[in-house]
Amino acid sequence: MNPKIDFIINELIKLYPDAHCSLNHRNAFELLIAVVLSAQTTDERVNQVTPTLFARYPDALAMSLANVDEVAKIIHSIGLYRNKSRNVVILSKDIQERFKGEVPSKRHELMSLPGVGKKTANVVLADAFNIPAMAVDTHVSRIAKRLGLAKYDDDVLNIEAKLCRKIPRHLWIRMHHTMIYFGRYMCHSLNPNCNECPFKHLCKRQKYEKK
Ligand code: SF4
């Protein structure tokens, strides 16, 4: 394997050996709904509303029959809650009607669901079904560029393709989580904690980002 990739993988695992999905969930349905709710808000905020939401609507059938205003009341503390309330009910109806209430475990089927893009599908494949996938969110994208695993003008699809090519398949899920932790707790977007960082010598931030 490439020594630089080796180094990055080993250091990230050393830094965050327990990195895992931060959205609380007990099954694929809960994870899918939580991911949809997490757009433009923090996982922490989503975790505050999902216990009540899933107690009331525990599966696709129950959620498909939910009153959108009732869902909105439960999730009103998160951003875009009106749209998200509508979306999770529509999504649940589709799962109920087309997949007998079970979240599908095939990428193309997941991506055929309303509002489910590649990133959401990758998260569900990886964290609900343990199928290797590399979801590229804002943290993963920033870290991939700063560590030179992708170029600064790469789009999300290019970044995903490059990460999947460079990182061994059996480590995709783990690297996805460690990169998110690294982005969340050290390599912040605006004020990264560079003094503590093991990747200073290979970091591209100074070169490509304005201070
Ligand atoms: S040196 Fe700073 S900006 Fe670069 S990867 Fe490390 S924490 Fe991020």
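**Entry 1**

I began with Glu-160, which counts as buried at 9% relative accessibility; here buried means under 20% relative accessible area, exposed over 50% and partly exposed in between, with a 1.4 Å probe and protein chains only. I keep in mind that this is a predicted model, in which local features need pLDDT of at least 70 and side-chain atom pairs count only at pLDDT 80 or more, whereas totals for chains, interfaces and linings use all residues. Residues are numbered from 1 along each chain as its sequence is written, and side-chain values use heavy atoms, with hydrogens and water left out.

I then looked for a charged partner and found that the side chains of Glu-160 and Lys-118 meet in a salt bridge at 3.2 Å, N to O, the term being used for a side-chain nitrogen of Lys or Arg within 4 Å of a carboxyl oxygen of Asp or Glu. Because Glu-160 sits in helix H10 (residues 156-166) and Lys-118 in helix H8 (residues 118-129), the pair ties together parts that are 42 residues apart in sequence. Helices here are DSSP runs of H or I with at least four residues, and strands are E runs with at least two, numbered from the N terminus. Lys-118 is partly exposed, its relative accessible area being 30%.

**Entry 1: other salt bridges**

I noted that side chains of opposite charge can pair when their charged atoms come close. How many salt bridges does a search of the whole structure find? It finds 10.

I examined Lys-73, whose salt bridge with Glu-70 brings the closest N and O atoms to 3.4 Å apart. The two residues are about one helical turn from each other, because they are 3 residues apart in helix H5 (residues 68-75). Lys-73 counts as exposed at 56% relative accessibility, while Glu-70 counts as partly exposed at 26%.

I also checked Glu-30, which forms a salt bridge with Arg-26, the closest N and O atoms lying 2.5 Å apart. Are these two partners buried or exposed? Glu-30 counts as buried at 3% relative accessibility, whereas Arg-26 counts as exposed at 66%.

**Entry 2: aromatic rings**

I counted 7 aromatic pairs in the structure, where rings of Phe, Tyr and Trp (its six-membered ring) pair if their centres lie within 6.5 Å, and planes under 30 degrees apart count as stacked, over 60 as edge-to-face and the rest as tilted. The rings of Phe-182 and Phe-199 have centres 5.4 Å apart and planes at 90°, so this pair is edge-to-face. Phe-182 belongs to helix H11 (residues 172-185) and Phe-199 to the loop between H11 and helix H12 (205-208), so the pair ties together parts that are 17 residues apart in sequence.

**Entry 3: backbone angles**

I looked next at phi, bearing in mind that most residues other than glycine have a negative phi. Leu-80 has a positive phi near 55° and is found in the loop between H5 and helix H6 (81-99), where Leu-80 is partly exposed with a relative accessible area of 45%. Lys-100 likewise has a positive phi, near 50°, and lies in the loop between H6 and helix H7 (107-110), with a relative accessible area of 76% that makes Lys-100 exposed.

I turned to Thr-50, which lies in helix H3 (residues 43-56) and counts as buried at 2% relative accessibility. Its neighbours within four places in sequence left aside, Thr-50 is in contact (heavy atoms within 4.5 Å) with Ala-34 and Leu-37.

Which domains does the assignment give? I read domain 1 (3-19 + 134-208) and domain 2 (28-129), with bounds that come from an automatic or database domain assignment. The C-alpha centres of domain 1 and domain 2 lie 27 Å apart, and the contact takes 9 residues from domain 1 and 7 residues from domain 2.
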